[in-house]
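User: I am new to this structure and would like a friendly tour. Could you take me through it in questions and answers?

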Amino acid sequence: MRVYVGLGLFLTGIVALALLGGKGPSAGAAFPGGNGKIAFVSDRLGTDQIFVMNADGSGQTNLTEHPASGTAPVWSADGAKIAFTGYDGIYVMNADGSEQTKLRDTGYEPTWSADGSRIAFHATLNSNSEIAVMNADGSGLTNLTNNPAADHDAAWSPDGSKIAFSSSRDGNWEIYVMNPDGTGQTRVTNDPAGDEEPAWSPDGSKIAFSRNVGGHTDVYVMNTDGSGATPLTSSAGFDGFPAWSPDGTKITFTSTRDGFPNWEIYVMNADGSGQTRLTDNPYSDIASDWQPLAAPVGGIAELPDAPGSSGQNYLALAALAAAALGALGAGAWYARRRWLG
Ligand SMILES: [Ca+2]
Ligand SMILES: [Ca+2]
Ligand SMILES: [Ca+2]
């Protein structure tokens, strides 16, 4: 009962599963960079479609108008592409909605590797839900979890070294982390609450997630080893599906605090303060994910520090582009970020 059965059933699923542990679309990772547009799902045109908006909620624009609908949008690390789930498989498109291409006939909730070469997703394999990985062109399929319990909500870490996911294998929904080849599956949360929808911070140091306590879901944040779990929301409605801003200062999420069944996209500071509604529409607006932008010219020093991995540096290409564009006086241009090293 997830995103692929239509928003009506999907929402019914959320309501029903809120009592069973809560289910919903995965936001995946936030890759570091400047804060670009926020992608989200809305049924305001009659079916689930993917929209983008500016970080302040302005400029809400439909990208898909897709016959198979579109849910669970996730930005690639370079901010150039969006992978999403249609009712009939996994798709990818450019950031402006062009070149919508189906990658697979089955699967849900894609999440990109940092280098853009692979996509992990929720697959149904032998009637069991698993986390699988494929090449970014849809070729190849490897079952990563291989566990008889339900596994989903894959979120690839910003440095590419880990995949977080949620599983019911230990009796209730918990968040786990594994290596990208499926080895080292390690439980991170250990709590009777339903813990799902992990979302890495862009520096890789925190995981935001949805925690369902007694049928009530809030956004929490914790260290990646599971310590320090702290609630960030406490509204009377559902608050879940967190996704970080690429600069790490904010978290966008989905809330019904304005009255179920009106789902809206919200944003808050990463400490939970300043919770602000971005959509204001009687239809369902859900499942936001934030576009990473390359370093603004002259603003490279403002990017978050690279978290340890040699693959996390934006480097020379951005610097060269900055110099070149600076010489042209084009201060508003953005250099395409590359993952070198
Ligand atoms: Ca499984
Ligand atoms: Ca739990
Ligand atoms: Ca709404």
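Analyst: Here is a walk through the predicted model, from the whole chain down to single residues.

User: How many helices and strands are there in the protein chain?
Analyst: Let's begin with the whole chain. Of its 341 residues, 51% count as buried. Among contacts between residues at least 6 apart in sequence, 47% join residues at least 24 apart. As for the elements, the chain has two helices and 24 strands.

User: Which residue stands opposite T71?
Analyst: Strand 4 pairs with strand 5 (residues 81-86) in the antiparallel sense, over three bridges. The residue facing T71 belongs to strand 5, and it is T85.

User: Where is A95, and is it buried or partly exposed?
Analyst: A95 is found in the loop between strand 6 (89-94) and strand 7. A residue needs 20 or more other C-beta atoms within 10 Å to be called buried. A95 has 18 of them, so it is partly exposed.

User: How far apart in space are A95 and W75?
Analyst: A95 also has contacts beyond its sequence neighbours: leaving out residues up to four places away, it touches G79, A80, K81, I82 and Q291. W75 is 20 residues from A95 in sequence, and the C-alpha to C-alpha distance between the two is 8.2 Å.

User: Why do strand 8 and strand 11 each have one side without a neighbour in the sheet?
Analyst: These strands belong to an open sheet of four strands in the order 8-9-10-11, paired in the antiparallel sense. Strand 8 (108-112) and strand 11 (142-143) stand at the edges, so each is left with a single partner strand.

User: What is the bridge partner of W112 in strand 9?
Analyst: Strand 8 and strand 9 (residues 118-125) are joined by three bridges in the antiparallel sense. In strand 9, the residue bridged to W112 is I119.

User: How many residues of strand 16 are buried?
Analyst: Strand 16 covers residues 194-200 and is described as mostly covered. Its antiparallel partner over five bridges is strand 17 (residues 206-213), where S210 stands opposite E196. The number of buried residues in strand 16 is seven of seven.

User: Which residue in the turn between strand 16 and strand 17 has a positive phi?
Analyst: The two strands form a hairpin, with five residues between them. The positive phi in this turn is about 75 degrees, and the residue is G204.

User: Which residues does T224 touch beyond its sequence neighbours?
Analyst: T224 sits in the loop between strand 18 (216-223) and strand 19 (230-231). It has 18 C-beta neighbours inside 10 Å, so it counts as partly exposed. T189, 35 residues away along the chain, has its C-alpha atom 9.4 Å from that of T224. Leaving aside neighbours within four places in sequence, the contacts of T224 are V177, S205, K206 and I207.

User: Which members of the largest nonpolar core touch the most other members?
Analyst: This core has 69 residues. One of the members with the most contacts is A208, which touches A199, V219, Y220, V221, P242, W244 and I251 when residues up to four places away in sequence are not counted.

User: Which residue in strand 22 stands opposite I251?
Analyst: Strand 21 (residues 250-255) and strand 22 pair in the antiparallel sense over six bridges. Strand 22 (residues 264-269) is mostly covered, with five of its six residues buried. Opposite I251 stands M268.

User: In the hairpin of strand 22 and strand 23, which residue takes a positive phi?
Analyst: Strand 22 pairs with strand 23 (residues 276-277) over two bridges in the antiparallel sense, and V267 stands opposite T276. Six residues lie between the strands. The residue with a positive phi, near 95 degrees, is G272.

Terms used: Residues are numbered from 1 along each chain as its sequence is written. Chains are lettered from A and ligands numbered from 1 in the order in which they are written. This is a predicted model: local features need pLDDT of at least 70, side-chain atom pairs count only at pLDDT 80 or more; totals for chains, interfaces and linings use all residues. Two strands pair if DSSP finds at least two bridges between them. A nonpolar core is a set of buried Ala, Val, Leu, Ile, Met, Phe, Trp, Tyr and Cys residues joined through C-beta atoms within 7 Å. A residue is buried if 20 or more other C-beta atoms lie within 10 Å of its own, exposed if 12 or fewer, and partly exposed in between; C-beta atoms are placed from the backbone. Two residues are in contact if their C-beta atoms, placed from the backbone, lie within 7 Å.
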